[in-house]
Amino acid sequence: MDVLVTGRHCQITDDFRTHVGQRISGVEKLRDRVIRVEVQVSANPHARQPDQATTVEITLRSRGPVVRAEANADDKLIAFDHALDRLKSQLRRAADRRKVHRGLRAGQQFGEPPLPPTTPQIEDEERPEIRKIAGLEVHGDGPLVVREKLFKAAPLTLAQALDEMELVGHDFFLYVDAESGAPSAVYRRRAYDYGVIHLELDRSVSEQSA
């Protein structure tokens, strides 16, 4: 298992590399076939809070899904330890989910999904009077900001989508259902309970609006 430690806007000491190497070795017990571990340390000199001064992101690359966790602190050693604890927690949750939900099938019923909260992000840069964003025309300095991201996605089963969500440490995960081909989303409810949303195109509505 290769361990790559890099720094952005900061120096990485030999002591820190040694600390990372010693603590990261235990990850192989929780995750098989780890090929490479990437640890990125980023200094945030303009952070308003001291505990946001340093960010450490840990990424596990293997033959399976990518596993990622990050944490902030005023010291890179503390930030690394917190990120590693989160990473191990995500790996344990994924392993526990596979044991508890081994018989989970796409046909099971789930509760009503909560609407995920969204927080508009405002760009600091100066905007023109009329802006076109993702096909939308925005006049003036309105609060609307649209950011488009495109990801390549292979079809997944529900069990695989749940694994992916646990391993990246998110509360929801978008995927394409392997059985139906429908755009879908899994989300965390309470404890080890999950929900799933499948989208089905209503062609009658599309024809009426055409």
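E57 and R68 join their side chains in a salt bridge, 3.6 Å from N to O. The pair links distant parts of the chain: E57 sits in strand β3 and R68 in strand β4 (residues 67-73), 11 residues apart. E57 is partly exposed, with a relative accessible area of 24%. R68 is also partly exposed, at 32% relative accessibility. This is a predicted model.

A salt bridge also connects R61 and E38, at 2.9 Å from N to O. R61 lies in strand β3 (residues 54-62) and E38 in strand β2 (residues 34-43), so the pair ties together parts that are 23 residues apart in sequence. The whole structure has 5 salt bridges.

## Helix α1 and its link to α2

R23 forms a salt bridge with D85, with the closest N and O atoms 3.8 Å apart. R23 belongs to helix α1 and D85 to helix α2 (residues 76-100), 62 residues apart. R23 is partly exposed at 27%, and D85 is partly exposed at 41%.

Helix α1 covers residues 14-24, and F16, V20 and I24 are buried there. Seen down the axis, the buried residues of α1 fall within an arc of 50 degrees, so they line one face of the helix. On the other side, D14, D15 and Q22 are exposed.

Side chains alternate along strand β7 (residues 172-176). F173 and Y175 point to one face and are buried.

β7 pairs with strand β8 (residues 183-188) in the antiparallel sense, over 5 bridges. F172 stands opposite Y187 in β8. The two strands, β7 and β8, form a hairpin with 6 residues between them. In the turn, G181 has a positive phi of about 75 degrees.

Note on methods: Residues numbered from 1 in each chain as written. Predicted model: local features only at pLDDT ≥ 70, side-chain atom pairs only at ≥ 80, totals over all residues. Heavy atoms only, no water. Buried < 20%, exposed > 50% of the residue type's maximum accessible area, 1.4 Å probe, protein only. Helix = DSSP H or I, 4+ residues; strand = E, 2+ residues; numbered from the N terminus. Arc of directions from axis to C-beta. Pairing = 2+ DSSP bridges. Salt bridge = Lys/Arg side-chain N within 4 Å of Asp/Glu carboxyl O.
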